Every structure is written in structure tokens, then in C-alpha cells.
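Here are my notes on this one, point by point. Have the model open while you read.

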Amino acid sequence: TTKKLQRSAHRSVSALNADIRAWIKAWNDDPKPYVWTKTADDILDSIANYCNRWRTYDSGH
């Protein structure tokens, strides 16, 4: 269903709306939990590294 939404060409807003609602219903009928592959510390470290990298680029040097 996700691939159908991503690859579909909808001719109207109502057709898109119908497809999204069908996707939601299908998902809710067989939900799958999101599984984190990194720890919170890994994610926060990655964000800090990204911010520090851009701070260096914006230094004007």
C-alpha cells in the first residue's frame, strides 16, 4: 500500500484522500511498531556532530 501511494498519479484531491484513507485503514488493521536501530545517545551525538560541522562552515573563514 505504501508503494501504491508513492507511485500513484492521483487525478484529484478526493482520489488522493481516498487512497490515503485506505492506506491508514490497512495500516491500522495490521500495525507494525517502529523499531529504533540507534540509541538516544547515538542520535543526539549525530545531531551534535552535524551542528558543530555547520557552525565551522558559517564561521566566515
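1. Which residues form a nonpolar patch on the surface? They are Leu 16, Ile 20 and Ile 24, with about 220 Å² of accessible area together. Patch members need over 30% relative accessible area and no salt bridge; like charges are joined within 9 Å, and nonpolar side chains (Val, Leu, Ile, Met, Phe, Trp, Tyr) within 5 Å. Areas are Shrake-Rupley values with a 1.4 Å probe, and for residues only the protein chains shown count as cover. Leu 16 sits in helix H2 and is partly exposed because its relative accessibility is 35%; the classes are buried under 20%, exposed over 50% and partly exposed in between (1.4 Å probe, protein chains only).

2. A word on what you're looking at: this is a predicted model, where local features need pLDDT of at least 70 and side-chain atom pairs pLDDT 80 or more, while totals for chains, interfaces and linings use all residues. Numbering runs from 1 along each chain as its sequence is written, and side-chain values use heavy atoms, leaving out hydrogens and water. Mean pLDDT (the predictor's per-residue confidence, 0 to 100) is 83 for the protein chain, with 82% of residues at 70 or more. Confidence is lowest in helix H1 (residues 2–7), at a mean of 72, and highest in H2, at 89.

3. The fold reads α-α-α along the sequence, with three helices and zero strands. Those are DSSP runs numbered from the N terminus: H or I of at least four residues for helices, E of at least two for strands. Of the 61 residues, 2% count as buried. The chain exposes about 5,900 Å², 57% of it from carbon and sulfur atoms.

4. Now the aromatics. There are two pairs, taking ring centres within 6.5 Å (Phe, Tyr and the six-membered ring of Trp), with planes under 30 degrees apart called stacked, over 60 edge-to-face and the rest tilted. Trp 23 and Trp 27 are stacked, at 5.7 Å centre to centre and 15° between the planes. Both lie in helix H2, four residues apart, about one turn. Tyr 34 and Trp 36 have centres 5.0 Å apart and planes at 80°, so that pair is edge-to-face.

5. Last, the charges. Two salt bridges turn up (a Lys or Arg side-chain nitrogen within 4 Å of an Asp or Glu carboxyl oxygen). Asp 29 meets Lys 25 at 3.1 Å, N to O, and both are exposed. Lys 32 pairs with Asp 30, again with closest N and O atoms 3.1 Å apart.
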